[in-house]
Amino acid sequence: MSDPMNVLAPEHRLLRIGGTWRGAANGATFTVEDPANGKVIAEVADAGVADGLDALDAASKAMADWAATPPRKRSELLAATHRALIERSEEVARLITLEMGKPLAEARSEVAYGAEFFRWFAEEAVRVEGRYSTAPGGGYRILTVPKPVGPCVFVTPWNFPLAMGARKIAPALAAGCTTITKPAALTPLTMLFLARIMEEAGVPPGVVNVVTTKRAGEVVSALLSDGRTRKLSFTGSTEVGRGLLRQAADNVLRTSMELGGNAALIVCADADLDVAVDGAMVAKMRNIGESCIAANRIYVEEPVREEFTARFAERMAALSVGHGLDDGVDVGALIDETSVAKVDELVADAVDRGARILVGGRRPDGPGHFYPPTVLADVPEDARMLAEEIFGPVAPIVSFTSDDEVMAKANDTEHGLAGYVFTRDLQRALRFAEGLETGMLGVNRGLISDPSAPFGGVKQSGTGKEGSHEGLLEYLDLTYVAIDLP
């Protein structure tokens, strides 16, 4: 197994601020571990408040020139980043697997997905448009002028260390904004590698800054308290998101928040079960289940419950578990001990309340943060895993007997990020689309993420959209000009 760390030289394990690579002001560092075995794979700079504010200085100084850069030039730099990611896909994928734990095939898919944001927003960069019209009552004209919001602070999660950063950085740069990204301390290496790729692609100094830290609270708080910051975009838990929204309110910052999920996957009796089982496997097991849009609750209509459950359990049992860089591995390590302990606790709670384990359900011995693919049947309504985000390879199955019943159960959550419905009845699918309280819905499909589609939730799953043309608008302010013209 070759060492993926050879793609990230020691000088690129530092902070990226204003076009230079530098250590933390106080010399502090922290270690990054391979979740599959606990081995230290790198030591990176541990930024403090002063470093964060230096990054904001750099972003603020670069802002005017970057905003004035012709859209075509910004487009070309984003396109160059896309090409570089595709050309170096294997290097990036192996680095993702090493620090995050997902199987290499999953990591390759993430690189393709993340790179596509740069291609999509390279195309969108030249389509930032205002409008000119006659006022309805006559006498003057209405002109709208879109402008970049200003320096942006991004806080990204560990589960998609490339794609979640790309989904924020690409539209911000397309709109003419400069950026400061604080990646998750568990997976900072991929974002540092992306910063290096963008530097080599020709993105000017100060436009893309990366600040790695284990002191996220104090560093991000200082950035949000500074009047030069004009936007915050965060992907992570609802609990942390609420706190960041409170801080952002003091300076009335523009915010995009992609928060927690509790997705219901509904299998109707008229569904094509081949399609439903395939879709459920993707919706549940993509990224080892460590995804905000993962199927957290699987509701199956009673007439097909037994057959679906048996087929789904058989597929889950066939998955292989191991180090993500090893050949033939389907399920890698979870990110850390806390994650494994939570998954194990949720399974034990469900079993104590009467659920039956059909597959998995027992944490393996040995090193690494592993948990086997697990299927539980007869999961009672009061089981914690139906109310809490599992974030792991565990699938609880619950039966239902009517659309109204399952709609009420699916909506009985503070979250509203994603959902999935499998049915061959178009009218039924449309009723679910209108009745389910989610920002996104997959119909006969378990994979819904796409850079060209608006990603985001409702209720306490967040605000704003990422990806698509709507994602570009999140980084633009609009000036209205009234021009006297009788």
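Predicted model: local features only at pLDDT ≥ 70, side-chain atom pairs only at ≥ 80, totals over all residues.

**Pockets, domains and buried residues**

Let me set out the domains themselves. The chain is divided into domain 1, which covers 10–259 + 461–481, and domain 2, which covers 263–443. Their C-alpha centres lie 31 Å apart. To the contact between them, domain 1 contributes 26 residues and domain 2 contributes 28 residues. For comparison with the record, UniProt lists residues 23–480 in an unreviewed entry as "domain: Aldehyde dehydrogenase". That span, residues 23–480, is 41% helix and 19% strand, and its end C-alpha atoms are 44 Å apart.

I return to the largest pocket. How much space lies in it? The volume is about 1400 Å³. Its lining comprises 50 residues, and those nearest the centre are Trp-158, Leu-186, Gly-236, Ser-237 and Val-240. Two or more lining residues come from each of strand 3 (29–33), helix 7 (216–225), strand 10 (231–235), helix 8 (238–250) and helix 11 (337–352). Helix 8 gives the largest share, with seven residues. Sorted by class, the lining has 20 nonpolar, 17 polar and 13 charged residues.

The second largest pocket holds about 330 Å³ of space. It is lined by 18 residues, of which Glu-106, Ser-109, Glu-110, Arg-286 and Leu-447 are the closest to its centre. Which element supplies the largest share of this lining? That is helix 4 (residues 104–124), with five residues. The classes here are eight nonpolar, three polar and seven charged residues. This lining, too, draws at least three residues from each of domain 1 and domain 2.

Glu-110 is found in helix 4. Is Glu-110 buried or exposed? Its relative accessible area is 2%, and therefore Glu-110 is buried. Leaving aside residues up to four places away in sequence, Glu-110 touches Ile-96, Lys-102, Asn-159, Phe-160, Pro-161, Leu-162 and Ala-163.

In an unreviewed entry, UniProt places the feature "active site" at Glu-258. In the model, Glu-258 belongs to strand 11 (residues 254–258). Why does Glu-258 count as buried? It does so because its relative accessibility is 3%, and the cut-off for buried is under 20%. Apart from residues up to four places away in sequence, the contacts of Glu-258 include Met-164, Arg-167, Phe-234, Thr-235 and Gly-236. Also in contact with Glu-258 are Cys-292, Leu-417, Phe-455, Ser-461 and Glu-466.

Finally, I turn to helix 12 (residues 403–411). Which of its residues are buried? They are Asp-403, Val-406, Met-407, Lys-409, Ala-410 and Asn-411. As background, an α-helix has 3.6 residues a turn, so residues three or four places apart point the same way. The cover over the buried residues of helix 12 includes strand 12 (263–267), strand 13 (295–301), strand 16 (394–400) and helix 13 (426–435).

That concludes the presentation, and I welcome your questions.

How values were computed
Residues numbered from 1 in each chain as written. Heavy atoms only, no water. 1 Å grid on protein atoms, 1.4 Å probe; cavity = no way out; pocket = protein on both sides within 12 Å on 5 of 7 lines; lining within 4 Å. Points joined across faces, edges and corners; volume = space filled by probe spheres on them. Helix = DSSP H or I, 4+ residues; strand = E, 2+ residues; numbered from the N terminus. Nonpolar A, V, L, I, M, F, W, Y, C, P; charged D, E, K, R; others polar. Domains from an automatic or database assignment. UniProt positions renumbered as here; feature names shortened; annotations may be inferred. Buried < 20%, exposed > 50% of the residue type's maximum accessible area, 1.4 Å probe, protein only. Contact = heavy atoms within 4.5 Å.
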